[in-house]
Amino acid sequence: MTRTRPWSLALLTAVLLACSPALNWREVRIEGMPLRILLPCKPDRAEREVTMGGRQLPLRMLGCDADGATFAVSHVQLPFAAGLDAAPLLAGWKAAVLAHVQAHAEVEQAWAPSGVGILGAGLHLRAEGRRADGAAVAVHAVWFATADAAGLHLVHGVVFAPQARAEVAESFFSGFAPAP
């Protein structure tokens, strides 16, 4: 009879855990607009009222936690109005997110989801900040505006994690695409 050494059992357990997928990507449609995304876990959905552009509007959110990170997408729809400019609304949204996590943008660059017609310039940023409990948080976020017959859509996607994980954030953001 062969005796199993404790370290070999621990090694086998570690190998099996490494093979289990921590990020189980799935396609999710964003309600109220022709956009789909990929999320690494089954999303929760929520809605709350926010003030944007001088109006009370429903902010729809979907997101989940996987592999130590939070993945979320928020969406606001505004009716078309003469002179409505998405840029200041997106800038205000960005400022609110950064203030919430006590962060300043470290790297900003233009960004657009592949195949999605956007209005103006989309934005991708990376930042470091603090959660409400004081724990460090790395932020990867995008903002963009698009429009369809229903109105103007403002979209924000974000990954919050204890440490920067650019490859995971890139997988998430590359999953933003037009819905069939």
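I will begin with a torsion: about the S-S bond of Cys-41 and Cys-64 it is about 85°, so the disulfide is right-handed. A disulfide here is a pair of cysteine sulfur atoms within 2.5 Å, and in this pair the sulfur atoms are 1.9 Å apart. In general terms, a disulfide is a covalent bond between the sulfur atoms of two cysteines. The structure holds one disulfide. It links distant parts of the chain, 23 residues apart. Cys-41 sits in the loop between strand 2 (35-39) and strand 3 (44-52), and Cys-64 sits in strand 4 (residues 55-66).

Some ground rules. What you see is a predicted model, in which local features need pLDDT of at least 70 and side-chain atom pairs count only at pLDDT 80 or more, while totals for chains, interfaces and linings use all residues. Residues are numbered from 1 along each chain as its sequence is written, and side-chain values use heavy atoms, with hydrogens and water left out.

pLDDT is the predictor's confidence in each residue, from 0 to 100. Its mean for the protein is 85, and 87% of the residues reach 70 or more. Over residues 1-20, however, pLDDT stays under 50. Where pLDDT is low, the predicted coordinates should not be read in detail. For residues 1-20 the model has one contact beyond four places in sequence, a contact being heavy atoms within 4.5 Å.

Now the overall layout. The protein has three helices and ten strands. These are DSSP runs numbered from the N terminus, with helices being H or I of at least four residues and strands being E of at least two. From the N terminus on, the order is α-β-β-β-β-β-α-β-β-β-β-α-β. Among contacts between residues at least 6 apart in sequence, 53% join residues at least 24 apart.

Next, what is buried and what is exposed? Buried means under 20% relative accessible area, exposed means over 50%, and partly exposed is in between, using a 1.4 Å probe and protein chains only. Of the 180 residues in the protein, 40% are buried.

His-104, in strand 6 (residues 104-111), is exposed, with a relative accessible area of 66%. Leaving aside neighbours within four places in sequence, His-104 is in contact with Ala-127 and Glu-128. The C-alpha atoms of His-104 and Arg-126 are separated by 9.0 Å, and these two residues are 22 apart along the chain.

Ser-74, in strand 5 (residues 69-78), counts as buried at 11% relative accessibility. Beyond four places in sequence, the contacts of Ser-74 include Met-61, Trp-93 and His-156.

How much space lies in it? About 570 Å³. A pocket is found on a 1 Å grid over the protein atoms alone, as an open set of points where a 1.4 Å probe fits, with protein on both sides within 12 Å along at least five of seven lines; lining residues have an atom within 4 Å of a point. Of the 24 residues that line the largest pocket, the closest to its centre are Arg-48, Met-61, Ser-74, Val-97 and His-100. Two or more lining residues come from each of strand 3, strand 4, strand 5, helix 2 (86-100) and strand 9 (151-161). Which strand gives the most to this lining? Strand 3, with seven residues.

Definitions and conventions: Points joined across faces, edges and corners; volume = space filled by probe spheres on them.
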